[in-house]
Amino acid sequence: MSRVYNFSAGPAVLPEEVLREAAEEMLDYKGTGMSVMEMSHRSKAYETIIQESEADLRELMNIPDNYKVLFLQGGASQQFAMIPMNLMKNRVADYIVTGQWAKKAYQEACIYGKANKIASSEDKTFSYIPDCSDLPISEDADYVYICENNTIYGTKYKTLPNTKGKPLVADVSSCFLSEPVDVSKYGVIYGGVQKNIGPAGVVIAIIREDLITEDVLPGTPTMLKYKIHADNASLYNTPPAYGIYICGKVFKWLKAKGGLSAMKEYNEKKAKILYDYLDESRLFKGTVRKEDRSLMNVPFVTGDEELDAKFVKEAAAAGFVNLKGHRTVGGMRASIYNAMPIEGVEKLVAFMKEFEAQNA
């Protein structure tokens with residue numbers, strides 16, 4: 001069977017070159033006589049893999065020297081607790097809720113201290129990003145939290161919030177490495193890798209050094225202390241070794257593609273094809289306010305649930321899979337991450353036009 005066009009929100013499409021390379025190395029990684037899956041995380045070969053991965057990520061994102069890069073486990077969801085445990089010194093934090101994941105992070109933070117919901121777009125089913133230029137930032141807030149790209153709802157911050165000097169913490173799971181980013185604007189920038197970088201099981205956290213201290217909330221488990229992982233270069237315990245190895249290959253693939261500026265250009269071109277069609281279609285329509293549209297996740301509907309279901313079914317039969325929208329919103333969603341080739345989007349739009357002609 002040939003490969004399908006996989007529009008899944010995550011675990012998601014990976015670059016074919018990376019998968020082929022990993023397949024070639026599966027039984028014997030660079031003459032070691034074993035797979036990366038089988039090697040000790042303390043071995044010289046693995047040390048090289050994780051160190052190179054970090055160096056390549058630092059180069060791609062232009063990460064300043066006063067930031068630590070941590071390869072962790074537990075997915076982005078574990079960070080919902082780890083962030084307040086490590087950063088909530090005053091037991092106060094401000095949250096901007098623009099989707100399901102920011103809401104979950106906010107609810108988790110409420111366990112550890114006073115979490116303030118200082119802005120939200122829940123009033124319109126998270127279909128826009130609120131104005132964050134002058135928010136009621138709490139004077140004693142330890143940080144301000146956002147989810148930068150909302151996978152489910154297809155919105156993306158185009159301008160970062162004015163945090164009035166407080167550290168910004170951002171979950172970038174679904175826009176990670178899709179465009180250049182100024183890391184110095186963040187206190188913590190983190191994301192699960194299973195959308196745009198690698199296989200599920202790894203979360204990368206990039207944290208400003210002054211935020212990594214011994215001073216954590218009482219009862220914080222050893223495994224959930226940033227300092228432990230930072231002091232041990234992400235090797236305090238057995239890391240998700242194979243996942244990190246694949247991430248490392250994706251970093252090299254991105255560098256070969258010309259880095260994040262080239263990726264942004266490519267992603268804008270891809271997204272434009274789909275959004276332009278949605279804007280002119282009589283059957284399909286996008287669900288997000290134009291200025292807040294994500295380049296990575298594109299939700300759309302016909303306005304008729306039965307027709308939506310018919311479209312998803314026929315699309316899958318034609319080789320366009322995982323287009324069903326998240327259960328909380330219904331409709332459809334095309335996730336068009338870095339590894340989705342432009343022809344995948346072009347062919348999807350051609351299929352949508354055909355479907356529209358038959359069903360309008």
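Predicted model: local features only at pLDDT ≥ 70, side-chain atom pairs only at ≥ 80, totals over all residues.
Residues are numbered from 1 along each chain as its sequence is written, and side-chain values use heavy atoms, with hydrogens and water left out.

## The aromatic pairs

A pair of aromatic rings is described by the distance of the centres and the angle of the planes. Here, rings of Phe, Tyr and Trp (its six-membered ring) pair if their centres lie within 6.5 Å; planes under 30 degrees apart are called stacked, over 60 edge-to-face, and the rest tilted. On that basis the model holds 16 aromatic pairs. Take F284 and F311: their pair is edge-to-face, with 5.1 Å from centre to centre and 65° between the planes. F284 lies in the loop between α7 (259-280) and β11 (285-286) while F311 is in helix α8 (residues 305-317), so this pair ties together parts that are 27 residues apart in sequence. Helices (H or I, at least four residues) and strands (E, at least two) are DSSP runs, numbered from the N terminus.

How buried are these two? F284 has a relative accessible area of 1%, and F311 has one of 0%. F284 also pairs with F355: the ring centres are 6.1 Å apart and the planes sit at 40°, so this pair is tilted.

## A covered strand

Strand β12 (residues 297-301) is joined to β14 by 4 bridges, and the two run antiparallel; strands pair if DSSP finds at least two bridges between them.

In a regular strand the side chains alternate between the two faces of the sheet. Which faces of β14 (residues 332-335) are covered? Both are: M332 and A334 on one side are buried, and so are R333 and S335 on the other.

## One cavity

A cavity is a set of points on a 1 Å grid over the protein atoms alone where a 1.4 Å probe fits but cannot get out, and its lining residues have an atom within 4 Å of a point. The model has 1 cavity of 30 Å³ or more, and the largest cavity has a volume of about 40 Å³.

Which residues line it? They are V13, L14, P15, N196, I197, V250, W253, N338 and A339. By class, that lining has 7 nonpolar, 2 polar and no charged residues.

Most residues other than glycine have a negative phi, and most peptide bonds are trans. A cis peptide bond joins G10 and P11, with omega at about -10°, and P11 lies in the loop between β1 (5-6) and α1 (16-24).

T125 is not a glycine, yet has a positive phi of about 50°; look for T125 in the loop between β4 (114-120) and β5 (144-147). K164 likewise has a positive phi of about 50°. K164 is in the loop between β7 (155-156) and β8 (168-171), and is partly exposed, with a relative accessible area of 42%.

Key. 1 Å grid on protein atoms, 1.4 Å probe; cavity = no way out; pocket = protein on both sides within 12 Å on 5 of 7 lines; lining within 4 Å. Points joined across faces, edges and corners; volume = space filled by probe spheres on them. Nonpolar A, V, L, I, M, F, W, Y, C, P; charged D, E, K, R; others polar. Buried < 20%, exposed > 50% of the residue type's maximum accessible area, 1.4 Å probe, protein only.
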